[in-house]
Amino acid sequence: MKTVTILGSTGSVGRQALECVSRHPEAFKVVGLSAYKNEELLRAQLEKFSPAHYYFPSGAVEVQGSLFDILEDKSFTKCVGSLEELASKPADIVISAVSGIAGLWAAVAVLKRGGTLAIANKETIVAAGRHLKDLERKYGGKIIPLDTEHSAIMQCLKGESKKQVKKLVLTASGGALRDVPVDKLSKITPEEALNHPVWSMGKKITIDSATLFNKGLEVIEAMRLFEVGASDVEVLMHRESVVHSLVEFSDGAQKALLSVPDMKLSIENALYYPERGVNSVEALRLDKIGVLNFSAPDFERYPCLELAYEAANAGEGAVIALSAADEVLVEKYLEKKIKLTDIPLLLKKTLSKFKGIKEVELENILSIDEKARQYTYSMVGTK
Ligand code: MG
(Lines give C-alpha, C1' and ligand atoms only; values in the text may rest on other atoms or scores of the structure.)
Protein backbone atom coordinates (compact mmCIF):
# COMPACT_ATOMS: atom_id res chain seq x y z
CA MET A 1 0.00 0.00 0.00
CA LYS A 2 1.24 3.50 -0.89
CA THR A 3 0.71 6.45 1.44
CA VAL A 4 -0.43 9.68 -0.25
CA THR A 5 -0.46 13.35 0.76
CA ILE A 6 -2.53 15.76 -1.32
CA LEU A 7 -1.69 19.45 -1.19
CA GLY A 8 -4.69 21.45 -2.38
CA SER A 9 -7.22 18.67 -1.84
CA THR A 10 -10.33 20.84 -2.25
CA GLY A 11 -9.41 22.14 -5.72
CA SER A 12 -10.28 20.47 -9.00
CA VAL A 13 -7.16 18.27 -9.29
CA GLY A 14 -7.14 17.55 -5.55
CA ARG A 15 -10.75 16.33 -5.59
CA GLN A 16 -10.08 14.12 -8.61
CA ALA A 17 -6.99 12.71 -6.90
CA LEU A 18 -9.10 11.81 -3.85
CA GLU A 19 -11.62 10.10 -6.14
CA CYS A 20 -8.81 8.01 -7.63
CA VAL A 21 -7.51 7.09 -4.19
CA SER A 22 -11.05 6.20 -3.00
CA ARG A 23 -11.52 3.83 -5.95
CA HIS A 24 -8.48 1.82 -4.88
CA PRO A 25 -8.57 1.61 -1.08
CA GLU A 26 -6.47 -1.55 -1.23
CA ALA A 27 -3.64 0.34 -2.96
CA PHE A 28 -3.57 3.82 -1.38
CA LYS A 29 -3.97 5.44 2.02
CA VAL A 30 -4.30 9.22 2.48
CA VAL A 31 -1.93 10.49 5.18
CA GLY A 32 -2.00 14.25 4.55
CA LEU A 33 -4.40 16.87 3.15
CA SER A 34 -4.39 20.64 2.81
CA ALA A 35 -6.81 23.30 1.64
CA TYR A 36 -6.51 27.04 1.19
CA LYS A 37 -10.05 28.37 1.76
CA ASN A 38 -12.73 25.68 1.54
CA GLU A 39 -13.08 24.70 5.21
CA GLU A 40 -16.33 22.83 4.79
CA LEU A 41 -15.02 20.48 2.13
CA LEU A 42 -11.72 20.01 3.97
CA ARG A 43 -13.64 19.01 7.11
CA ALA A 44 -15.63 16.43 5.13
CA GLN A 45 -12.42 15.07 3.58
CA LEU A 46 -10.70 14.86 6.98
CA GLU A 47 -13.65 12.95 8.40
CA LYS A 48 -13.72 10.58 5.46
CA PHE A 49 -9.98 9.89 5.05
CA SER A 50 -8.63 10.46 8.60
CA PRO A 51 -5.12 11.51 7.49
CA ALA A 52 -2.40 11.74 10.13
CA HIS A 53 -1.79 15.43 9.31
CA TYR A 54 -3.39 18.34 7.52
CA TYR A 55 -2.76 22.02 6.93
CA PHE A 56 -5.28 24.86 6.76
CA PRO A 57 -3.93 28.45 6.76
CA SER A 58 -6.59 29.81 9.12
CA GLY A 59 -5.82 27.13 11.72
CA ALA A 60 -7.30 23.89 13.03
CA VAL A 61 -10.64 22.67 11.70
CA GLU A 62 -13.07 21.03 14.07
CA VAL A 63 -13.32 17.41 12.99
CA GLN A 64 -15.52 14.61 14.24
CA GLY A 65 -13.59 11.36 14.68
CA SER A 66 -15.04 8.04 13.58
CA LEU A 67 -16.62 5.82 16.18
CA PHE A 68 -13.47 3.70 16.09
CA ASP A 69 -11.26 6.71 16.83
CA ILE A 70 -13.48 7.79 19.69
CA LEU A 71 -13.57 4.30 21.21
CA GLU A 72 -9.80 4.01 20.91
CA ASP A 73 -9.48 7.57 22.28
CA LYS A 74 -7.15 8.55 19.46
CA SER A 75 -6.57 12.11 18.45
CA PHE A 76 -6.58 11.04 14.85
CA THR A 77 -5.65 14.05 12.79
CA LYS A 78 -3.24 16.91 13.53
CA CYS A 79 -3.07 20.39 12.02
CA VAL A 80 0.52 21.36 11.15
CA GLY A 81 1.96 24.88 10.84
CA SER A 82 2.66 25.17 7.12
CA LEU A 83 2.27 23.54 3.73
CA GLU A 84 6.01 22.91 3.74
CA GLU A 85 5.77 21.09 7.08
CA LEU A 86 2.96 18.91 5.72
CA ALA A 87 5.06 18.12 2.63
CA SER A 88 8.01 17.05 4.80
CA LYS A 89 5.92 14.44 6.67
CA PRO A 90 6.47 10.90 5.41
CA ALA A 91 4.34 9.83 2.44
CA ASP A 92 5.24 7.61 -0.51
CA ILE A 93 3.82 10.17 -2.90
CA VAL A 94 2.91 13.84 -2.51
CA ILE A 95 0.45 15.27 -5.00
CA SER A 96 0.89 19.01 -5.32
CA ALA A 97 -2.37 20.37 -6.68
CA VAL A 98 -2.10 23.86 -5.24
CA SER A 99 -2.44 26.84 -7.56
CA GLY A 100 0.25 29.49 -7.90
CA ILE A 101 3.75 30.03 -6.55
CA ALA A 102 2.44 29.27 -3.02
CA GLY A 103 3.39 25.64 -3.68
CA LEU A 104 7.12 26.36 -4.09
CA TRP A 105 8.58 25.44 -0.68
CA ALA A 106 6.35 22.40 -0.28
CA ALA A 107 7.68 21.01 -3.58
CA VAL A 108 11.25 21.68 -2.44
CA ALA A 109 10.54 19.95 0.89
CA VAL A 110 9.32 16.74 -0.80
CA LEU A 111 12.39 16.54 -3.04
CA LYS A 112 14.77 17.35 -0.18
CA ARG A 113 13.62 14.23 1.63
CA GLY A 114 14.08 12.19 -1.57
CA GLY A 115 10.31 11.81 -2.01
CA THR A 116 8.07 11.38 -5.03
CA LEU A 117 6.41 14.59 -6.12
CA ALA A 118 3.44 14.31 -8.48
CA ILE A 119 3.00 17.91 -9.47
CA ALA A 120 0.17 19.80 -11.12
CA ASN A 121 1.34 23.12 -9.67
CA LYS A 122 2.76 24.53 -12.90
CA GLU A 123 3.70 27.98 -11.58
CA THR A 124 6.21 26.28 -9.26
CA ILE A 125 7.69 24.17 -12.07
CA VAL A 126 7.91 27.23 -14.29
CA ALA A 127 9.60 29.41 -11.65
CA ALA A 128 11.85 26.82 -10.02
CA GLY A 129 12.04 23.89 -12.44
CA ARG A 130 15.81 23.95 -12.83
CA HIS A 131 16.25 23.78 -9.05
CA LEU A 132 13.61 21.07 -8.67
CA LYS A 133 15.44 18.90 -11.22
CA ASP A 134 18.74 19.50 -9.36
CA LEU A 135 17.10 18.46 -6.08
CA GLU A 136 15.57 15.39 -7.72
CA ARG A 137 19.06 14.27 -8.83
CA LYS A 138 20.81 15.23 -5.61
CA TYR A 139 18.43 13.47 -3.18
CA GLY A 140 17.24 10.65 -5.44
CA GLY A 141 13.54 11.58 -5.46
CA LYS A 142 11.21 11.65 -8.44
CA ILE A 143 9.17 14.37 -10.14
CA ILE A 144 6.11 13.10 -11.98
CA PRO A 145 4.12 15.63 -14.00
CA LEU A 146 0.34 15.59 -13.57
CA ASP A 147 -0.40 18.07 -16.31
CA THR A 148 -1.99 15.97 -19.07
CA GLU A 149 0.44 17.14 -21.77
CA HIS A 150 3.57 16.51 -19.71
CA SER A 151 2.29 13.21 -18.43
CA ALA A 152 1.73 12.26 -22.08
CA ILE A 153 5.28 13.29 -23.02
CA MET A 154 6.72 11.35 -20.11
CA GLN A 155 4.82 8.28 -21.29
CA CYS A 156 6.00 8.78 -24.91
CA LEU A 157 9.61 9.08 -23.71
CA LYS A 158 9.51 5.80 -21.79
CA GLY A 159 12.23 3.50 -23.11
CA GLU A 160 13.59 6.15 -25.50
CA SER A 161 17.00 7.78 -25.46
CA LYS A 162 17.01 11.52 -24.88
CA LYS A 163 19.71 11.94 -27.55
CA GLN A 164 17.24 10.82 -30.19
CA VAL A 165 14.47 13.23 -29.25
CA LYS A 166 14.07 15.99 -31.81
CA LYS A 167 11.17 17.96 -30.42
CA LEU A 168 8.25 17.91 -28.01
CA VAL A 169 4.82 18.92 -29.30
CA LEU A 170 2.20 20.13 -26.84
CA THR A 171 -1.40 20.04 -28.00
CA ALA A 172 -3.82 22.85 -27.09
CA SER A 173 -7.62 22.79 -27.25
CA GLY A 174 -7.75 26.56 -27.70
CA GLY A 175 -9.90 27.19 -24.63
CA ALA A 176 -13.35 28.69 -24.27
CA LEU A 177 -12.86 31.51 -26.78
CA ARG A 178 -11.33 29.61 -29.68
CA ASP A 179 -14.23 30.44 -32.01
CA VAL A 180 -14.82 34.04 -30.89
CA PRO A 181 -13.70 36.59 -33.55
CA VAL A 182 -10.46 38.31 -32.47
CA ASP A 183 -12.07 41.79 -32.52
CA LYS A 184 -14.72 40.62 -30.02
CA LEU A 185 -12.22 39.35 -27.43
CA SER A 186 -12.06 42.66 -25.55
CA LYS A 187 -15.77 42.36 -24.70
CA ILE A 188 -15.63 38.84 -23.27
CA THR A 189 -16.86 38.52 -19.67
CA PRO A 190 -15.23 36.22 -17.08
CA GLU A 191 -18.37 34.04 -17.17
CA GLU A 192 -17.90 33.44 -20.90
CA ALA A 193 -14.16 32.85 -20.59
CA LEU A 194 -14.72 30.35 -17.76
CA ASN A 195 -16.82 28.09 -19.95
CA HIS A 196 -14.10 25.68 -21.17
CA PRO A 197 -15.26 23.33 -23.96
CA VAL A 198 -13.41 20.20 -22.78
CA TRP A 199 -11.78 20.44 -19.36
CA SER A 200 -13.39 21.36 -16.08
CA MET A 201 -10.66 23.05 -14.01
CA GLY A 202 -9.97 25.82 -11.50
CA LYS A 203 -10.69 29.45 -12.41
CA LYS A 204 -7.13 30.66 -12.92
CA ILE A 205 -6.17 27.85 -15.28
CA THR A 206 -9.44 28.17 -17.21
CA ILE A 207 -8.82 31.87 -17.91
CA ASP A 208 -5.21 31.04 -18.76
CA SER A 209 -6.55 28.45 -21.21
CA ALA A 210 -8.75 31.07 -22.88
CA THR A 211 -5.74 33.36 -23.45
CA LEU A 212 -3.43 30.39 -24.14
CA PHE A 213 -1.12 31.74 -21.42
CA ASN A 214 -1.63 28.30 -19.89
CA LYS A 215 -0.02 26.72 -22.96
CA GLY A 216 2.81 29.25 -22.69
CA LEU A 217 3.39 28.14 -19.08
CA GLU A 218 3.27 24.55 -20.29
CA VAL A 219 5.96 25.22 -22.90
CA ILE A 220 8.23 26.47 -20.11
CA GLU A 221 7.10 23.61 -17.88
CA ALA A 222 8.18 21.16 -20.61
CA MET A 223 11.54 22.95 -21.00
CA ARG A 224 12.17 22.60 -17.26
CA LEU A 225 10.85 19.06 -16.75
CA PHE A 226 12.53 17.54 -19.79
CA GLU A 227 15.55 19.90 -19.78
CA VAL A 228 15.27 21.15 -23.37
CA GLY A 229 15.33 24.61 -25.00
CA ALA A 230 12.38 26.79 -26.05
CA SER A 231 12.94 25.95 -29.72
CA ASP A 232 12.58 22.24 -28.91
CA VAL A 233 8.96 22.69 -27.75
CA GLU A 234 6.14 23.37 -30.20
CA VAL A 235 2.43 23.98 -29.76
CA LEU A 236 -0.17 22.34 -31.97
CA MET A 237 -3.85 23.32 -31.87
CA HIS A 238 -6.08 20.28 -31.51
CA ARG A 239 -9.67 20.97 -30.55
CA GLU A 240 -10.78 17.44 -29.66
CA SER A 241 -8.21 17.04 -26.83
CA VAL A 242 -7.74 13.38 -27.69
CA VAL A 243 -4.04 13.55 -28.59
CA HIS A 244 -2.52 14.85 -25.35
CA SER A 245 0.96 15.57 -26.76
CA LEU A 246 3.60 14.13 -29.06
CA VAL A 247 7.33 13.51 -29.25
CA GLU A 248 9.26 13.62 -32.51
CA PHE A 249 12.41 11.52 -32.79
CA SER A 250 15.61 11.81 -34.84
CA ASP A 251 14.32 9.49 -37.57
CA GLY A 252 11.18 11.57 -38.16
CA ALA A 253 8.88 9.19 -36.27
CA GLN A 254 6.39 10.73 -33.85
CA LYS A 255 4.82 9.07 -30.82
CA ALA A 256 1.61 10.43 -29.36
CA LEU A 257 -0.49 9.61 -26.32
CA LEU A 258 -4.23 9.39 -26.91
CA SER A 259 -7.09 8.92 -24.49
CA VAL A 260 -10.48 10.38 -23.66
CA PRO A 261 -9.86 13.80 -22.07
CA ASP A 262 -9.88 12.95 -18.36
CA MET A 263 -7.21 13.97 -15.86
CA LYS A 264 -7.65 10.75 -13.93
CA LEU A 265 -5.34 9.09 -16.45
CA SER A 266 -2.36 11.24 -15.50
CA ILE A 267 -3.30 11.14 -11.80
CA GLU A 268 -3.47 7.33 -11.71
CA ASN A 269 -0.39 7.09 -13.90
CA ALA A 270 1.45 9.05 -11.19
CA LEU A 271 -0.12 7.11 -8.30
CA TYR A 272 0.79 3.73 -9.80
CA TYR A 273 4.15 4.83 -11.23
CA PRO A 274 6.16 2.97 -12.57
CA GLU A 275 3.18 0.67 -13.25
CA ARG A 276 -0.06 1.67 -15.00
CA GLY A 277 -3.49 1.88 -13.42
CA VAL A 278 -6.41 -0.35 -14.39
CA ASN A 279 -9.46 1.25 -16.06
CA SER A 280 -8.27 4.73 -15.00
CA VAL A 281 -10.49 6.22 -17.72
CA GLU A 282 -13.00 4.81 -20.17
CA ALA A 283 -11.56 3.39 -23.38
CA LEU A 284 -11.12 5.73 -26.32
CA ARG A 285 -13.34 4.92 -29.29
CA LEU A 286 -11.64 6.49 -32.30
CA ASP A 287 -14.22 4.89 -34.58
CA LYS A 288 -16.88 6.99 -32.82
CA ILE A 289 -14.78 10.17 -32.96
CA GLY A 290 -13.90 9.74 -36.63
CA VAL A 291 -11.97 12.94 -37.29
CA LEU A 292 -9.23 14.69 -35.35
CA ASN A 293 -8.25 18.26 -36.28
CA PHE A 294 -4.85 19.94 -36.01
CA SER A 295 -3.58 23.41 -36.90
CA ALA A 296 -0.78 25.84 -36.08
CA PRO A 297 -1.40 28.36 -33.24
CA ASP A 298 -2.44 31.87 -34.27
CA PHE A 299 -0.27 34.35 -32.37
CA GLU A 300 -2.57 37.25 -33.24
CA ARG A 301 -5.42 35.52 -31.43
CA TYR A 302 -3.15 34.33 -28.64
CA PRO A 303 -0.43 36.96 -27.96
CA CYS A 304 0.12 35.48 -24.48
CA LEU A 305 1.64 32.37 -26.03
CA GLU A 306 4.20 34.43 -27.92
CA LEU A 307 5.03 36.38 -24.74
CA ALA A 308 5.70 33.13 -22.90
CA TYR A 309 8.19 32.09 -25.61
CA GLU A 310 9.81 35.52 -25.36
CA ALA A 311 10.14 35.15 -21.59
CA ALA A 312 11.48 31.61 -21.96
CA ASN A 313 14.22 32.92 -24.24
CA ALA A 314 14.93 35.94 -22.03
CA GLY A 315 15.71 33.92 -18.89
CA GLU A 316 14.45 32.83 -15.49
CA GLY A 317 13.76 36.34 -14.15
CA ALA A 318 11.40 37.11 -17.04
CA VAL A 319 9.63 33.77 -16.64
CA ILE A 320 9.06 34.22 -12.89
CA ALA A 321 7.87 37.80 -13.38
CA LEU A 322 5.52 36.91 -16.24
CA SER A 323 3.92 34.09 -14.27
CA ALA A 324 3.48 36.28 -11.16
CA ALA A 325 2.05 39.15 -13.22
CA ASP A 326 -0.44 36.78 -14.82
CA GLU A 327 -1.71 35.63 -11.40
CA VAL A 328 -2.48 39.28 -10.58
CA LEU A 329 -4.00 40.04 -13.98
CA VAL A 330 -6.29 37.01 -13.97
CA GLU A 331 -7.51 37.98 -10.50
CA LYS A 332 -8.19 41.54 -11.74
CA TYR A 333 -9.95 40.24 -14.83
CA LEU A 334 -12.17 37.99 -12.70
CA GLU A 335 -12.99 41.04 -10.56
CA LYS A 336 -13.90 42.81 -13.83
CA LYS A 337 -11.28 45.53 -13.23
CA ILE A 338 -9.51 44.95 -16.55
CA LYS A 339 -10.44 43.55 -19.98
CA LEU A 340 -9.31 40.17 -21.22
CA THR A 341 -7.24 41.86 -23.92
CA ASP A 342 -5.46 43.97 -21.27
CA ILE A 343 -3.78 40.80 -19.99
CA PRO A 344 -1.24 40.45 -22.85
CA LEU A 345 -0.65 44.24 -22.99
CA LEU A 346 0.22 44.39 -19.30
CA LEU A 347 2.20 41.14 -19.41
CA LYS A 348 4.32 42.68 -22.14
CA LYS A 349 5.16 45.65 -19.91
CA THR A 350 6.15 43.36 -17.05
CA LEU A 351 8.25 41.27 -19.38
CA SER A 352 10.29 44.20 -20.65
CA LYS A 353 10.92 45.33 -17.08
CA PHE A 354 12.24 41.94 -15.85
CA LYS A 355 14.02 40.81 -18.99
CA GLY A 356 17.63 41.14 -17.84
CA ILE A 357 17.84 38.40 -15.18
CA LYS A 358 19.15 35.17 -16.73
CA GLU A 359 19.37 32.87 -13.71
CA VAL A 360 17.54 33.11 -10.39
CA GLU A 361 18.61 31.23 -7.27
CA LEU A 362 15.95 29.34 -5.35
CA GLU A 363 15.93 31.75 -2.40
CA ASN A 364 15.43 34.77 -4.71
CA ILE A 365 12.42 33.44 -6.62
CA LEU A 366 9.80 34.81 -4.24
CA SER A 367 11.36 38.28 -4.12
CA ILE A 368 11.28 38.59 -7.93
CA ASP A 369 7.75 37.18 -7.87
CA GLU A 370 6.77 39.82 -5.29
CA LYS A 371 8.41 42.68 -7.23
CA ALA A 372 6.58 41.63 -10.39
CA ARG A 373 3.28 41.55 -8.48
CA GLN A 374 3.91 45.02 -7.03
CA TYR A 375 4.75 46.32 -10.49
CA THR A 376 1.59 44.77 -11.93
CA TYR A 377 -0.59 46.11 -9.11
CA SER A 378 0.92 49.56 -9.77
CA MET A 379 -0.55 49.32 -13.28
CA VAL A 380 -4.00 47.92 -12.38
CA GLY A 381 -4.69 49.24 -8.87
CA THR A 382 -3.89 47.61 -5.53
CA LYS A 383 -5.46 44.53 -3.98
MG1 MG B 1 -2.41 20.96 -19.40
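This is a predicted model: local features need pLDDT of at least 70, side-chain atom pairs count only at pLDDT 80 or more; totals for chains, interfaces and linings use all residues.

The questions and answers below concern a helix and its packing, and then several individual residues.

Trainee: Which residues of helix α2 are buried?

Mentor: Helices (H or I, at least four residues) and strands (E, at least two) are DSSP runs, numbered from the N terminus. Buried means under 20% relative accessible area, exposed over 50%, and partly exposed in between (1.4 Å probe, protein chains only). In α2, which spans residues 39-49, the buried residues are Leu42, Gln45, Leu46 and Phe49.

Trainee: Why are these buried residues said to line one face of the helix?

Mentor: The arc is taken from the directions that run from the helix axis to the C-beta atoms. Seen down the axis of α2, the buried residues fall within an arc of 100 degrees, so they line one face. On the other side of α2, the exposed residues are Glu40 and Lys48.

Trainee: What covers the buried residues of α2?

Mentor: Contact means heavy atoms within 4.5 Å. The cover includes α1 (12-23), β2 (28-34) and β3 (53-55).

Trainee: How are α1 and α2 oriented, and what is the handedness of their crossing?

Mentor: Axes are lines fitted to C-alpha atoms, for helices over the stretch in contact, and angles run from 0 to 180 degrees between N-to-C directions. The two axes come within 13 Å and cross at roughly 15 degrees. That makes α1 roughly parallel to α2, since angles under 35 degrees count as roughly parallel, over 145 as roughly antiparallel, 65 to 115 as roughly perpendicular and the rest as oblique. With left-handed meaning that the near helix is turned anticlockwise from the far one by less than a right angle, and right-handed clockwise, the crossing of α1 and α2 is left-handed.

Trainee: Which residues make the contact of α1 with α2?

Mentor: Two helices contribute to the contact. From α1 come Arg15, Leu18 and Ser22, and from α2 come Leu41, Gln45, Lys48 and Phe49.

Trainee: Is Glu123 buried or exposed?

Mentor: Glu123 belongs to helix α6 (residues 122-139). Leaving aside neighbours within four places in sequence, its contacts are Ser99, Gly100, Ile101, Lys204, Ser323 and Glu327. At 7% relative accessibility, Glu123 counts as buried.

Trainee: What is the relative accessible area of Thr116?

Mentor: Thr116 lies in strand β6 (residues 116-119). Not counting residues up to four places away in sequence, Thr116 touches Asp92, Ile93, Val94, Val110, Lys142 and Ile144. Thr116 is partly exposed, with a relative accessible area of 22%.

Trainee: Which residues are joined by a cis peptide bond?

Mentor: Most residues other than glycine have a negative phi, and most peptide bonds are trans. Pro274 is in the loop between α11 (264-272) and α12 (286-289). With omega about 5 degrees, the cis bond joins Tyr273 and Pro274.

Trainee: What is the phi of Lys336?

Mentor: Lys336 sits in the loop between α14 (316-334) and α15 (342-353). Its relative accessible area of 52% makes Lys336 exposed. Although Lys336 is not a glycine, its phi is positive, about 60 degrees.

Methods. Residues are numbered from 1 along each chain as its sequence is written. Side-chain values use heavy atoms; hydrogens and water are left out.
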